Amino acid sequence: MSGKTFKILAIDGGGIKGLYSSKILEHFEERYDCLISEYFDLICGTSTGGLIALAISVGIPSKEISKIYSENGKYIFPSQKWRLKTLKQIFGGIYSNKGLIKVLDDLFKDKTIKDCNNLICIPSFNITESKPIVFKNDHSEGLNMHDNLLLKDVALATSAAPTYLPVWQINSMNSNQYIDGGIWANNPSLVGYLEALKYFVGKGYDSIELLSISNLNIPNGVPIGAKRRKGFYSWKSDLFNTSLIGQSYFNDFFMQTIQNHSNVPTKYFRIGQPSISKNHLKYIDMDLTTEKSIQTLKTLGDLMGNNMKNHIDIKHFFSNKKTYKNG
């Protein structure tokens, strides 16, 4: 084979738990004395993973991304009494997006997709047209829609989690409205893989390598004999979270399987999560931003980052830099 290897990084969604993912990447940048963006041709991210992907693609170090989560999480997801939180979730959404908009304004300013140093794929869902969408660079013939989109618009569109944050409207996209890409691609590995197959394999590239960073999926199983008729009040956040967890597992299973059955040489490696103690579980959720919650996410991210940074497969991903040049 004379072609090159197309390298992909995929980052799961999960609200404030993105701090776990950014801490892992922080350890890789420190260990290999680099920026993550230097080693991946395509960076995919959904919801909070989309925010991380966009930040990486404009050269922001992972250490700075972790700091943004640590310092601003309480403004994005301010603490609320559970009764008020439940009522808001039922009738109008728990949080405004004012805190998130401020963070994204400071982070991205007026940068657009055209300013990204990497190819990107950021899943969202267009509720105006009722169909999935992937925000991406206009890298190939026939793609002429997204290069001029503001990164903060893309970030708000991919992270507008139903019942948590308001729907986001992008005026330059015919005023269409968007919600969290996690409803169909919380683990965006398959999105990145299909992008590589469709546009790059056979056009200078003959193999694919994909590093997937999971989020902290908190078990929400119910005991045998639990009630079977459940309305929205009974489901609450579990309705959304169960969807995220289920499709994240399926996409992982798909990629584990396809790498052994595809005609295109494929290397897939997913970083999962450590065992989580009962004591830690109570501090972890997509919108828990107390001091103990933030410290728990940091601790678990540091644990996984330290464990993985010298893993043979991680060393492999950081042995060769990206080869695709934007523009």
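User: Why is K7 said to lie over the face of F40?

Analyst: K7 is at 5.5 Å from the ring centre of F40. A charge sits over a ring if NZ of Lys or CZ of Arg is within 6 Å of the ring centre and within 35 degrees of the ring normal. K7 is placed over the face of F40 on that basis. This is a predicted model, in which local features need pLDDT of at least 70 and side-chain atom pairs count only at pLDDT 80 or more, while totals for chains, interfaces and linings use all residues. Residues are numbered from 1 along each chain as its sequence is written, and side-chain values use heavy atoms, with hydrogens and water left out.

User: Over which ring does the charged end of K4 sit?

Analyst: The charged end of K4 sits over the ring of Y205, at 4.9 Å from its centre.

User: What makes the pair of Y32 and F318 stacked?

Analyst: Rings of Phe, Tyr and Trp (its six-membered ring) pair if their centres lie within 6.5 Å; planes under 30 degrees apart count as stacked, over 60 as edge-to-face and the rest as tilted. The structure holds 13 aromatic pairs. In one of them, Y32 and F318 are 4.9 Å apart centre to centre with 0° between the planes, and the pair is therefore stacked.

User: Where in the chain do Y32 and F318 lie?

Analyst: Y32 belongs to helix α1 (residues 18-32) and F318 to the segment after α13 (312-317), 286 residues apart. Helices (H or I, at least four residues) and strands (E, at least two) are DSSP runs, numbered from the N terminus.

User: Are Y32 and F318 buried or exposed?

Analyst: Buried means under 20% relative accessible area, exposed over 50%, and partly exposed in between (1.4 Å probe, protein chains only). Y32 has 15% and is therefore buried, and F318, at 6%, counts as buried as well.

User: Why is the pair of Y39 and F318 called tilted?

Analyst: The ring centres of Y39 and F318 are 5.2 Å apart and their planes stand at 50°, so the pair is tilted. Y39 is in the loop between α1 and β2, so its pairing with F318 ties together parts that are 279 residues apart in sequence. Y39 and F318 are both buried. One aromatic cluster takes in F28, Y32, Y39, F40, F317 and F318.

User: How do you know that β3 pairs with strand β4?

Analyst: Two strands pair if DSSP finds at least two bridges between them. Strand β4 (residues 131-136) meets β3 over 6 bridges, in the antiparallel sense, with C121 opposite K136. Their hairpin has 4 residues between the strands, and S130 takes a positive phi near 55° there.

User: Which other strands are joined to β3?

Analyst: Strand β2 (residues 42-45) runs parallel to β3, with 3 bridges between them, and L42 has L119 as its bridge partner. Strand β6 (residues 176-180) runs antiparallel to β3, also with 3 bridges; F125 is partnered by I179.

User: What makes β3 mostly covered?

Analyst: In strand β3 (residues 119-126), 8 of its 8 residues are buried. One side presents L119, C121, P123 and F125, the other I120, I122, S124 and N126, and both faces are covered.

User: What makes helix α6 mostly covered?

Analyst: Helix α6 (residues 151-158) has 8 of its 8 residues buried. Among them are K152 and D153.

User: Why does E291 count as exposed?

Analyst: E291 is at 72% relative accessibility and so counts as exposed. E291 is in helix α12 (residues 291-308). C-alpha to C-alpha, E291 and S70 are 8.9 Å apart in space, although 221 residues apart in sequence.
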